[in-house]
Amino acid sequence: MSKELLKVEGLQTFFTIKKGFPNPVTHTVRAVDEISFHINRGESFGLVGESGCGKSTAGRSILRLVEPHGGQVHLSGQDVLAMDKDQLREMRRKMQIIFQDPYSALNPRQTIGKILAEPLHVHRLGTKGEIRDRVFALLKEVGLPPEAANKYPHEFSGGQKQRVGIARALLFEPELIIADEPVSALDVSIQSQVLALMQGLQETHNLSFLFISHDLAVVRYFCSRVAVMYLGKIVEQGPVKQVFDEPLHPYTKVLRGASPIPDPTLSKKMLRMEGEVPSPLDPPTGCHFHPRCPDVMEVCKNQYPSAISVDSERTVACHLYSQKQG
Amino acid sequence: MEEKLLVVENLTTSFHLQNGWFSAIEDLSFTLSSNETLALVGESGCGKSVTAYSIMNLLPKPGSRIDRGSVLFHGKDLVGLPEAEMRSLRGSKLAMIFQEPMTSLNPALTVGQQIAEVLYYHNGTSKKEALKGALELLDQVKIPAAATRLNDYPHHLSGGMRQRVMIAMALAGRPEIMLADEPTTALDVTIQAQVLALLDDLKRELKMSMIFITHDMGVVARVADRVAVMYGGYLAEVAPVENLFANPVHPYTEALLKSVPRLDRDINDLNPIPGLVPSIDRMPKGCRFAERCEHKIDVCEQQMPDLTSISDAGNHSVRCWVRGAQATSNGESQA
């Protein structure tokens, strides 16, 4: 088996929207615009960025919950984007997703037992008794009591619901879990419980994670490598420690400087930066970050920088570094 | 002794649930000095927002009530103040900003109208003057091209801009105290940094005091002068911000700080706090943190400890049997 589990190359997902009255004009939003990365077996890969940067769309495109417009996605060497409906259904058993909001991800009219058993029935994986045993085993694994099977989602707290979401993702013994902000809606003390649970499961099941989050501290804890997205593009990627401790791209620096650190001696000198994320409807010309960039140069206004390999593991898309090399 | 702007004493607020009245905050006492930022920190359901709503007299009625205690603002008790009097304070001397600026702004009025309204009612300025004042306020909260923004509706603005509009509205009455209820929780980190910096500047320029409610220890470290940690409706620990982070005494504070992932350092193992926050109708009898606490002793499950001072300066208090002031008399050692 090769080391590489998921390979994403030049993935593109566009949305079209109509705006204006009475004569609507069609706009194209390049939500995910030629992003490339890979995830190894047993590895957690982080995708970070602010709202609207395309990180969730990237996750959904890989699963084909939204259809990408270009690029390639390979899972264990199989071309995901070329699959027909039946193949896709088989493939999704190996690739599962956990959503941010456990409240809306669970059917309020089904018991937890039903929610967990139904997919197994649909895929005809075992007899009634086997499926029941499997549901109880899963509940135990995510730290819920067996009585939970007879309860409805509203009887659980947010953290417990997210545990159900995790159990559901584990049903088919997947190889890859796409976790879209799995702990963002949870309280601090519950957040660390769920993170610890996911980490334990990763070890026992040799799972890989695509971990989508806006919280740099959580990504630093959970992931080994990370990609930083800004307006549909990956601006920097590499091992999480290097990217966050010695960021190269000015945006990564800004993001890091703006993240509050629970230490009053450090956080008083938190970075200040003006300007907002531009609308993805109408991204700036050249490098998308140039209007907010403290190191902006003339070339940045006209030309999008190509990704440069800084070393074997790190890439950055910024003209600052192409000049040094050229 | 310096004059305290706000003195909250033994404040207890209850809510009516299906099977009776249950207290959401209990026996809460703290003070706020001029120019000070006090952070109220805790998880969902710890009572931090109820505290702010109780101070502002904005509790939903019927269904909730203040059972005991007082809120002294310049020595005047706000609890039980007639609504007309409270209304003249609210929005002028006491202002509040909320987490979700979209639901707190009126979608059918322009930003300018909404800010001008505050000036018109509280300061009695003419409508024309009030609009001019609104423009100045938008400038003050650093909204670019303020003159054109005046005619925008809230849906035209981004989340960060909406929060700035909220702040402008809160400033319109020249408040002495600003209560900020998770004002940056819904914002992206770079925008959060901007709003926190803005609040910092305004506080200094206008000599305001602030009660800042948040669940984010990183934000606490950034904004607070003093911190009050809440758990299950009680104050667990109150301390100056440097002391709290350098020397957390209450087991809950300590566990909370240990359980958050850090951006600035490697953590191999998180130490999650086991269990859940008890819900308000099922609060344990003794210390409310006891069942999740790894330092608990027998008395913890029997009786709630008092909030006791543990520092010579008298500015660090904690409510704990093991580590509070009662502990030393019992021969317990501090960890």
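Me: How many residue pairs are in polar contact across the interface of domain 1 of chain A and domain 2 of chain A?

Reply: In this predicted model, local features need pLDDT of at least 70 and side-chain atom pairs count only at pLDDT 80 or more, while totals for chains, interfaces and linings use all residues. Residues are numbered from 1 along each chain as its sequence is written, chains are lettered from A in the order in which they are written, and side-chain values use heavy atoms, with hydrogens and water left out. The rule finds 6 residue pairs in polar contact across this interface, both residues at pLDDT 80 or more. A polar contact is a pair of N or O atoms within 3.5 Å; within protein, one must be able to donate a hydrogen and the other to accept it, and residues adjacent in sequence count only if both atoms are side-chain atoms.

Me: Which part of domain 1 of chain A gives the largest share of the side that touches domain 2 of chain A?

Reply: Helix α7 (residues 188-205) of chain A does, with 8 residues. Helices are DSSP runs (H or I, at least four residues), numbered from the N terminus.

Me: Why is the pair A:E173 and A:R134 called a salt bridge?

Reply: A salt bridge requires a side-chain nitrogen of Lys or Arg within 4 Å of a carboxyl oxygen of Asp or Glu.

Me: What makes B:D266 and A:K241 a salt bridge?

Reply: Their side chains meet at 3.1 Å, N to O, and therefore the pair falls within the cut-off. Between chain B and chain A the count is 2 salt bridges.

Me: How many residues of chain B are in contact with chain A?

Reply: In chain B, 46 residues are in contact with 41 residues of chain A, where contact means heavy atoms within 4.5 Å.

Me: What area do chain B and chain A bury between them?

Reply: They bury about 3,800 Å², with 58% of it on carbon and sulfur atoms. Buried area is the accessible area (1.4 Å probe) that two parts lose on being put together, summed over both, so the value covers both chains. B:T190, B:R222 and B:L263 supply 19% of the area that chain B buries against chain A, more than any other three residues.

Notes:
Helix = DSSP H or I, 4+ residues; strand = E, 2+ residues; numbered from the N terminus.
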